[in-house]
Each structure stands twice: as structure tokens, then as C-alpha cells.
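Thanks for coming, everyone. Please bring up the model on your screens, and let's walk through it together.

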Amino acid sequence: ATCLGFGATVIVSALILAGRFWVGTAFGASESVRSLLPPVLAVLAAYVVADGMTVVLSGILRGCGRQMWLAPVVVGSYWAFGLPVCYLLAFRAGWGPLGIAVGLFAGTLCHCICCVVLVLRLDYDNECHRAAEQTARGRALGEAHKAELRKKNSNLSMCPDDPDGFGLADDLNDEGAGLLAA
């Protein structure tokens with residue numbers, strides 16, 4: 001997934017870089033706007049790669065149930081780092097729109113680097129063990145809940161083929177018996 005995400009973002013980035021000089025003319029922008037676009041779009045091309053990798057790496061962390069690790073990274077990367085860089089470059093250094101683009105890229109790059117570090121620090125054997133435990137715990141809770149519903153609804157069944165009162169989903173077993181066979 002990481003390689004596929006990287007490949008896709010590199011292709012999009014290459015397209016942005018290739019078209020950075022004529023994008024302004026395609027939209028009828030004035031000469032002053034067209035002169036600002038090439039450097040901003042060059043930064044955007046790098047931003048696309050960093051953002052794409054951040055999405056993939058964040059997905060890995062969420063898949064491992066580590067969402068809580070991401071919240072401080074996002075706040076720190078964008079609010080504590082990226083926003084001040086935007087301000088300093090755009091307004092204090094006088095870079096204007098390019099400073100904003102570089103600041104946004106800096107925040108995204110910080111986010112991406114933090115995600116890389118977090119993903120590299122994962123203990124995948126431990127994550128597999130945690131996933132197996134959570135699955136078993138969820139299955140046990142589901143069975144207990146289903147038994148409780150059976151007990152509660154035993155006399156409310158609407159269908160003779162549905163003694164649980166759970167409806168069509170329980171009636172469709174592997175043999176295709178139940179309501180569809182009737």
C-alpha cells in the first residue's frame with residue numbers, strides 16, 4: 001500500500017510539475033498571477049507526495065488502533081509548526097503566496113516524518129497479538145449480546161423459521177435455507 005500510494009502521488013506530482021507554466025493560461029489568469037504560479041505549484045508538487053504518504057502512514061496507524069498517537073502529531077505539525085512557518089515566510093520574510101505554500105508543505109512534511117517514525121516503531125508481532133485479542137473479545141461480547149437478545153425476544157419471533165427473532169440475516173445459512181428457500 002505504501003509503494004502504491006507513493007507511486008500514485010509521484011505521478012500526480014510529475015503532472016503538476018509538467019503543467020506549472022501553463023496552468024495559469026488555461027484559466028485565463030492575469031500576468032501577475034501567472035508569474036506566481038510556477039514556484040507555488042512546484043511546492044505543491046512536493047506537498048502532494050508528502051500528503052499522500054501521510055495518508056497511507058496514518059491509515060497504517062489507524063489500522064493498528066493507534067489513532068491516539070496521531071492527534072498530538074497533527075496538532076503539533078500543523079498548528080505549532082506549519083502555521084508559524086506560514087506566517088513567518090509569507091508576512092515577515094515577504095514571500096507572499098509562496099511563503100504560505102512552503103509553510104503548508106513544512107507542516108505536512110513534519111506530519112509525514114512523524115508518521116514514518118511512528119510506523120517504524122510499531123512492533124508488528126505485538127500488533128497482531130492485540131488484534132487477535134480484540135477480535136476474540138469482540139466475538140465474545142457479540143455472542144453474549146446475541147444470547148441476551150434471544151432471551152429477551154424469544155416470544156416475539158415473527159417468523160417460524162426465525163426462532164431468534166433476528167430476521168433474515170440469521171435465516172440465510174450456508175445451505176440457503178430459511179426465508180429464501182420457502
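Start with arginine 34. Its relative accessible area is 26%, so arginine 34 is partly exposed. The classes work like this: buried means under 20% relative accessible area, exposed means over 50%, and partly exposed lies in between, with a 1.4 Å probe and protein chains only. Glutamate 31 has a relative accessible area of 53%, so glutamate 31 is exposed.

These two residues form a salt bridge, and their closest N and O atoms are 2.9 Å apart. A salt bridge here is a side-chain nitrogen of Lys or Arg within 4 Å of a carboxyl oxygen of Asp or Glu. Side chains of opposite charge can pair when their charged atoms come close. Both glutamate 31 and arginine 34 sit in helix H3, 3 residues apart, about one turn of the helix. Helices (H or I, at least four residues) and strands (E, at least two) are DSSP runs, numbered from the N terminus.

A word on the source. This is a predicted model, where local features need pLDDT of at least 70, side-chain atom pairs count only at pLDDT 80 or more, and totals for chains, interfaces and linings use all residues. Residues are numbered from 1 along each chain as its sequence is written, and side-chain values use heavy atoms, with hydrogens and water left out.

Back to charges. How many salt bridges does a search of the whole structure find? The search finds 3. Glutamate 127 takes part in a salt bridge with arginine 66, where the closest N and O atoms are 2.8 Å apart. That pair links distant parts of the chain. Glutamate 127 is in helix H6 (residues 124-153), while arginine 66 is in the loop between H3 and H4, 61 residues apart. Both glutamate 127 and arginine 66 are buried.

Glutamate 127 also forms a salt bridge with arginine 130, again with the closest N and O atoms 2.8 Å apart. Glutamate 127 and arginine 130 are separated by about one helical turn, because they are 3 residues apart in helix H6. Arginine 130 is buried, as is glutamate 127. Put together, Arg66, Glu127 and Arg130 are linked in a network of salt bridges.

Now step back to the whole fold. The secondary structure comes to 7 helices and 0 strands. Along the sequence, the pattern reads α-α-α-α-α-α-α. The protein has 182 residues, and 28% of them count as buried. Take the contacts with a separation of 6 or more: residues 24 or more positions apart account for 63% of them. Contact means heavy atoms within 4.5 Å.

Which residues show such contacts? Look at valine 56, in helix H3 (residues 31-63). Its relative accessibility is 18%, so valine 56 counts as buried. Setting aside residues up to four places away in sequence, valine 56 touches Ala1, Thr2 and Gly5. The C-alpha atoms of valine 56 and threonine 2 are separated by 6.1 Å, though these residues are 54 apart along the chain.

Next, serine 13, in helix H1 (residues 2-18). Serine 13 counts as buried, because its relative accessibility is 8%. Beyond its neighbours within four places in sequence, serine 13 is in contact with Ala45, Ala46, Val48 and Val49.

On to the cysteines. How many disulfides does a search of the whole structure find? The search finds 0. A disulfide would be a pair of cysteine sulfur atoms within 2.5 Å. Cysteine 110 is in no disulfide; the nearest cysteine sulfur, from cysteine 114, is 4.3 Å away. Cysteine 110 counts as partly exposed, because its relative accessibility is 23%. Cysteine 112 is in no disulfide either, and the nearest cysteine sulfur, from cysteine 115, is 6.9 Å away. At 9% relative accessibility, cysteine 112 counts as buried.

Last stop, the surface. The accessible surface comes to about 11,800 Å², and 68% of that belongs to carbon and sulfur atoms. Accessible areas come from the Shrake-Rupley method with a 1.4 Å probe; for residues, only the protein chains shown count as cover.

Find the nonpolar patch formed by Tyr87, Leu88, Phe91, Ile100 and Leu104, with about 510 Å² of accessible area together. Patches are made of residues with over 30% relative accessible area and no salt bridge; like charges are joined within 9 Å, and nonpolar side chains (Val, Leu, Ile, Met, Phe, Trp, Tyr) within 5 Å. Helix H4 (67-92) and helix H5 (97-120) each supply at least two residues of the patch. The largest share, 3 residues, comes from H4. Leucine 88 lies in that helix, H4. At 47% relative accessibility, leucine 88 counts as partly exposed.
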